[in-house]
Amino acid sequence: MKKIAVLTSGGDAPGMNACIRSILLTAEHYNLQVLGYKHGYNGLVEQDYRLLNAEHVVNIIQRGGTILKSGRCLDFHTEATVRIAASNLDELQIDALLVIGGNGSFKGAHHLSKFWKGQVIGLPGTIDNDIGGTDATIGYYTAIETALESIDKVRDTADAFERIFLIEVMGRHAGFIALNAAIASAADRVLLPELCENIQDEIDKTIEHLKHVYSKRGVSSYIIVASENLIAGGAVTLAKMIADQTQIECRPVILGHVQRGGSPVSQDRVLATKLGAYGVEQAINGENDIMIGEQNSQAVKHKLAVSWQDKKPVDEYLLKIQQQLFK
């Protein structure tokens, strides 16, 4: 092995730069050359890349975003587009491609492996933490911290005005950020897709709980943390529904993309560094069509398909105590 390439794909996540740094420095340790493709798979298809060296990764471990930029390539699922990508990799004599991204990026990497003779390795970079085979994904811890800081500030306003606030956090179709941010902020209620098969039932329970709380102790503040994509119309529609049925003002707060930015917290920097180094080592070992993860504090490898085939559950005990503690 002489040359590897790396790209960041899909939604950006704090810690991607830390992972790029780890890949580059580990590769240099083993005398490997590293190319960085720009704008995700788009750069791979358009042969838009740059040769990376140690100077490019100085003082980037603390930076959010990605120095390689990211993007979504909607055509990458087609055979014609992937064959162009494979040809471009062969033209540059790339031995292995490391992809930092989420489920969609991993599916693209798996698709590429069917048409390219080189090695493909996925590194989980997404705030959503919805990838099987790893306890956490790069960016997840920082997203929780960002959400927590915002909820704490909203709590001050909620107490001052004695209002209900509904705070929508990201997570795509998973409730990891919502559950952990709710626990850490002592939110009164949490709504997430894993909570029940029919989310309307949980919304009805929340409304009944609100009526009980306000009748019991009078006017008070109340914080609800909700995952995105729970119902059509999101937090705005849900807040109106709650206000209409309780006759209490409910303000929606959508945190949105602020959760994907910012300086990564220490856990994400360490995780990204560990996974980046392990990914390069597994490439040297000849591994292909795999993802790198961490389970029980140990770096592990799985087939790429595990990332989307194994549905990762939220912590059932955390869910249990959240419902017990906040009544």
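Because the model is predicted, local features need pLDDT of at least 70 and side-chain atom pairs count only at pLDDT 80 or more, while totals for chains, interfaces and linings use all residues. Numbering runs from 1 along each chain as its sequence is written, and side-chain values use heavy atoms, with hydrogens and water left out.

Salt bridges come up first. Side chains of opposite charge can pair when their charged atoms come close. With a salt bridge taken as a side-chain nitrogen of Lys or Arg within 4 Å of a carboxyl oxygen of Asp or Glu, the structure holds 11 of them. One of these joins Arg 163 to Glu 249, with the closest N and O atoms 2.9 Å apart. That pair ties together distant parts of the chain, 86 residues apart: Arg 163 sits in the loop between α5 (140–161) and β6 (164–169), and Glu 249 in the loop between α8 (234–246) and β9 (250–254). Helices (H or I, at least four residues) and strands (E, at least two) are DSSP runs, numbered from the N terminus.

Glu 249 also forms a salt bridge with Arg 251, where the closest N and O atoms are 2.8 Å apart. As for burial (buried means under 20% relative accessible area, exposed over 50%, partly exposed in between, with a 1.4 Å probe and protein chains only), Arg 163 is buried at 16%. Glu 249 is partly exposed at 38%, and Arg 251 is partly exposed at 35%.

Another salt bridge runs between Lys 211 and Glu 208, with 3.8 Å between the closest N and O atoms. These two are 3 residues apart in helix α7 (residues 199–217), so about one helical turn separates them. An α-helix has 3.6 residues a turn, so residues three or four places apart point the same way. Lys 211 is partly exposed at 37% relative accessible area, and Glu 208 is partly exposed at 48%.

Turning to helix α4 (residues 103–113), 8 of its 11 residues are buried, so the helix is largely enclosed by the rest of the structure. Among them are Phe 106, His 111 and Leu 112. The buried residues of α4 pack against α2 (41–46), α3 (79–91), β4 (96–101), β5 (119–124), β10 and α10 (306–309).

Strand β10 (residues 290–295) is in turn joined by 6 bridges to strand β11 (residues 298–303), and the two run antiparallel. Strands count as paired if DSSP finds at least two bridges between them. Gly 293 stands opposite Val 300 in β11. The two strands form a hairpin with 2 residues between them, and Asn 296 in the turn has a positive phi of about 55°.

Pro 264 lies in the loop between β9 and α9 (266–284) and is buried, at 2% relative accessible area. Leaving aside neighbours within four places in sequence, its contacts (heavy atoms within 4.5 Å) include Pro 14, Ile 61, Thr 142 and Arg 269.

Finally, Met 1 lies in the segment before β1 (3–8) and is partly exposed at 38% relative accessibility.
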